[in-house]
Amino acid sequence: MASDGLQGMPKWERKARLFLCTFGLILSVYALHVELSRERNPDYRAMCDLAESVSCSKVFTSRWGRGFGLVQFFVAKDSILNQPNSVLGIIFYTLQLGLGLSIAKRAAMFLVFSSWVSVVGSIYLGAILVFVLEDFCMVCVSTYIINFALLFTNLKRRRAIEGMKVKAG
């Protein structure tokens, strides 16, 4: 494994993780901006609102735009626990970026686990997007792609760390 030394991880992984997490953070912050702007002003039109069936603000302000549409069944709709999905994205990409700096086995396991959760969430929200909302959200689909790419990156990381343990043992 050709590594860049400092973090003990391959250069491609650091670059990929930095790109994916940064892009994910930017998209999540933009999604939050759109949702909050639309809540303040119902006439707000986001850059990603291209047509009636290609509207990210329609998706972000739907019931599935907060807590995956599920949290409101367990807590009040306006509870602090029922956060916009974009806030969860900000937390997820920040953790992926921060923990990605560690070469510890536990960090790798958490990265893989949280990536699997994000991919399951992406599949669920993608199905809602297509079959329930009948919409296309460029921001949403972009985050789904990023989540799959992070899963791939994290699985490669875990295999590499397990390989290092076997060689050391």
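**Opening question**

Is Phe-23 buried, exposed or partly exposed? In this predicted model, Phe-23 is partly exposed, because its relative accessible area is 34%, and that value lies between the 20% limit for buried and the 50% limit for exposed. The sections below place this residue beside its aromatic partner and then turn to other parts of the structure.

**Aromatic pairs**

A search of the whole structure finds 2 aromatic pairs. One of them joins Phe-19 and Phe-23: the ring centres are 5.8 Å apart and the planes meet at 25 degrees, so the pair is stacked. An angle under 30 degrees is what places a pair in that class. Both residues belong to helix α1, where a spacing of 4 residues separates them by about one helical turn. Phe-19 has a relative accessible area of 53% and is therefore exposed, whereas Phe-23, at 34%, is partly exposed.

Phe-92 and Tyr-93 also form a pair. Their ring centres are 5.1 Å apart with planes at 65 degrees, so this pair is edge-to-face. Phe-92 and Tyr-93 are both buried.

**The largest nonpolar core**

In soluble globular proteins, nonpolar side chains tend to be buried together. The largest nonpolar core here has 24 residues, and those touching the most other members are Cys-56, Phe-60, Cys-137, Val-139, Cys-140 and Leu-150. Two or more residues are supplied by each of the elements α1 (11-40), α2 (56-60), α3 (85-99), α4 (105-132) and α5 (138-168). Helix α1 provides the largest share, with 6 residues.

When residues up to four places away in sequence are not counted, Val-139 touches Leu-27, Tyr-30, Ala-31, Cys-48 and Phe-60. Phe-60 is itself among the core residues that touch the most other members.

**Two further positions**

Which residues does Ser-122 contact, leaving aside its neighbours within four places in sequence? They are Tyr-144, Asn-147 and Phe-148. Ser-122 lies in helix α4, and its relative accessibility of 4% means that Ser-122 counts as buried.

Arg-14 is located in helix α1. With 27% relative accessibility, Arg-14 counts as partly exposed. Arg-14 and Gly-100 stand 86 residues apart in sequence, yet their C-alpha atoms are 8.0 Å apart in space.

Conventions
Residues numbered from 1 in each chain as written. Predicted model: local features only at pLDDT ≥ 70, side-chain atom pairs only at ≥ 80, totals over all residues. Heavy atoms only, no water. Core = buried A, V, L, I, M, F, W, Y, C linked by side-chain atoms within 4.5 Å. Buried < 20%, exposed > 50% of the residue type's maximum accessible area, 1.4 Å probe, protein only. Contact = heavy atoms within 4.5 Å. Phe/Tyr/Trp six-rings, centres within 6.5 Å; stacked < 30°, edge-to-face > 60°.
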